[in-house]
Amino acid sequence: MNNSLVAVKIGGRTEHAPEVQEILTKYGCSIRTRVGFHDTDENNCSTDGVVILQMTGKEDEIKKMLDELNALHEVSAKFIEF
């Protein structure tokens, strides 16, 4: 699988981050690169976040990961392939 990305939007980031992290660790061998973003400034830190994953590995493993992420409350994961 080349040029495959997964975008994960996490609502309630501080509450749901441990569950998301557990799933990402489980499928860590299929993740080549991981970058996370959340809005922050001197006075505020957003409770929502986005994680971009560059994927490698088998399509069925990536689908399992997507299904587990999408089953979480306030988490939405989408697959992008170029």
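**Briefing: charges, patches and confidence in a predicted model**

Asp67 is partly exposed, with a relative accessible area of 43%. This residue belongs to a salt bridge with Lys63, in which the closest N and O atoms are 3.2 Å apart. The structure is a predicted model, and it holds 4 salt bridges in total.

**Salt bridge within a helix**

- Asp67 and Lys63 both lie in helix α2, and because they are 4 residues apart there, about one helical turn separates them.

**Salt bridges between distant parts of the chain**

- Lys26 and Glu68 bring their side chains together in a salt bridge, at 3.0 Å from N to O.
- This pair links distant parts of the chain, since Lys26 is in helix α1 and Glu68 is in helix α2, 42 residues apart.
- Lys26 is exposed, with a relative accessible area of 55%, whereas Glu68 counts as partly exposed at 25% relative accessibility.
- Asp48 and Lys9 also meet through their side chains in a salt bridge, at 3.9 Å from N to O.
- Asp48 is partly exposed at 33% relative accessibility, and Lys9 is partly exposed with a relative accessible area of 45%.

**A patch of negative charge**

- Glu15, Glu19, Glu22 and Glu74 gather on the surface in a patch of negative charge.
- Glu15 is found in helix α1 and is exposed, because its relative accessible area is 56% and exposed means over 50%.
- Glu74 is placed in the loop between α2 and β4 and counts as partly exposed, at 41% relative accessibility.
- Glu74 also has a positive phi of about 65 degrees, although it is not a glycine. Most residues other than glycine have a negative phi.

**A nonpolar patch**

- Val35, Phe37 and Val50 form a nonpolar patch on the surface, and together they have about 240 Å² of accessible area.
- Val35 belongs to strand β2 (residues 31–37) and is partly exposed, with a relative accessible area of 36%.

**Confidence of the prediction**

- The protein chain has a mean pLDDT of 90, and 98% of its residues reach 70 or more.
- Confidence is lowest in helix α1 (residues 13–26), at a mean of 92, and highest in helix α2 (residues 59–70), at 96.

How values were computed. Residues numbered from 1 in each chain as written. Predicted model: local features only at pLDDT ≥ 70, side-chain atom pairs only at ≥ 80, totals over all residues. Heavy atoms only, no water. Patch = residues over 30% accessible without salt bridge, like charges linked within 9 Å, V, L, I, M, F, W, Y side chains within 5 Å. Areas by Shrake-Rupley, 256 points an atom, 1.4 Å probe, with all protein chains shown as cover. Helix = DSSP H or I, 4+ residues; strand = E, 2+ residues; numbered from the N terminus. Buried < 20%, exposed > 50% of the residue type's maximum accessible area, 1.4 Å probe, protein only. pLDDT = per-residue confidence, 0-100. Lys, Arg positive; Asp, Glu negative; His and termini not counted. Charge placed at Lys NZ, Arg CZ, Asp CG, Glu CD.
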